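Hi everyone, thanks for coming. Please have a look at the sequence and the model on the screen, and I'll walk you through a few spots.

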Amino acid sequence: MNINFNFSDNIILEDEQVLLRPLQESDVYNLLEISINEPETWKYSLVGADGKENLIKYIQSAIKNREDKREFPFIVFDKKTQKYAGSTRFYDMNLEFKTLQLGFTWYGSAFRGTGLNKHCKYLLLQFAFETLGMERVEFRADNANERSIAAMKSIGCKVEGVLRNHMPTINKEIRRDSIVLSILRNEWFDEVKENLKQKL
């Protein structure tokens with residue numbers, strides 16, 4: 001399958017609960033409330049978006065990486081509350097090898113535990129495997145981030161291992177171990193898709 005993906009496409013993924021569209025500079029104002037009021041959202045992130053200045057930098061960097069054809073960042077809109085909930089993206093995209101990573105995912109506290117994440121992951125995985133023809137979607141997290149790891153396992157990710165002392169954290173003196181999880185193409189079609197659909 002020849003992957004015909006254009007990074008400048010206006011990709012919109014949606015179901016009855018969520019809408020994902022490309023992140024743009026003006027989204028600073030849609031995400032500012034979370035950024036200012038919930039700085040702990042980025043506790044385990046290498047790059048924080050806490051506070052207006054950091055949020056602007058975060059969005060500009062994501063957009064530049066999209067222009068450089070390395071990442072595709074989305075903003076997440078929750079249709080139930082009619083509010084913007086957070087952001088997620090495809091990154092480390094290797095279209096030749098048919099692999100990508102799915103991450104940089106964060107939501108405001110009001111949207112956690114609401115099922116929103118499962119809807120987002122279903123749409124993103126469906127797009128990755130069924131539209132882009134990916135063979136493998138990889139996920140990584142700080143090995144200390146129990147909530148994030150539990151969320152990934154619950155959508156059907158398999159743990160592959162831990163990269164020890166892998167990368168710095170926001171607190172530059174401390175390095176983190178990164179856990180690596182993945183879903184393979186055949187797993188998506190054999191079981192993950194159906195199991196995840198049941199949970200929506």
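Let's begin with a word we'll need: a residue is called buried when its relative accessible area is under 20%. Keep in mind, too, that this is a predicted model.

So, is F74 buried or exposed? Its relative accessibility is 0%, so F74 counts as buried. F72 also has a relative accessible area of 0% and is buried. These two rings form a tilted aromatic pair, 5.1 Å from centre to centre with 50° between the planes.

The structure holds 12 aromatic pairs. In one of them, the rings of F5 and F72 have centres 5.8 Å apart and planes at 65°, so this pair is edge-to-face. F5 comes in the segment before strand 1 and F72 sits in strand 3, so the pair links parts of the chain 67 residues apart. F5 is buried as well, at 12% relative accessibility. Ring pairs join F5, F7, F72, F74, F90 and F127 into a cluster.

Next stop, helix 1. Its buried residues are V28, L31, L32, I34 and S35. They pack against helix 2, strand 3, strand 4 and strand 5.

Which strand holds Y84? Y84 is in strand 4. Y84 is partly exposed, at 24% relative accessible area. Its C-alpha lies 6.7 Å from that of L31, although 53 residues separate them in sequence.

Last one: R89. Its charged end sits over the ring of F104, 3.9 Å from the centre, and R89 also lies over the face of Y58, at 5.1 Å from the ring centre.

Key:
Residues numbered from 1 in each chain as written. Predicted model: local features only at pLDDT ≥ 70, side-chain atom pairs only at ≥ 80, totals over all residues. Heavy atoms only, no water. Buried < 20%, exposed > 50% of the residue type's maximum accessible area, 1.4 Å probe, protein only. Helix = DSSP H or I, 4+ residues; strand = E, 2+ residues; numbered from the N terminus. Contact = heavy atoms within 4.5 Å. Phe/Tyr/Trp six-rings, centres within 6.5 Å; stacked < 30°, edge-to-face > 60°. Lys NZ or Arg CZ within 6 Å of the ring centre and 35° of its normal.
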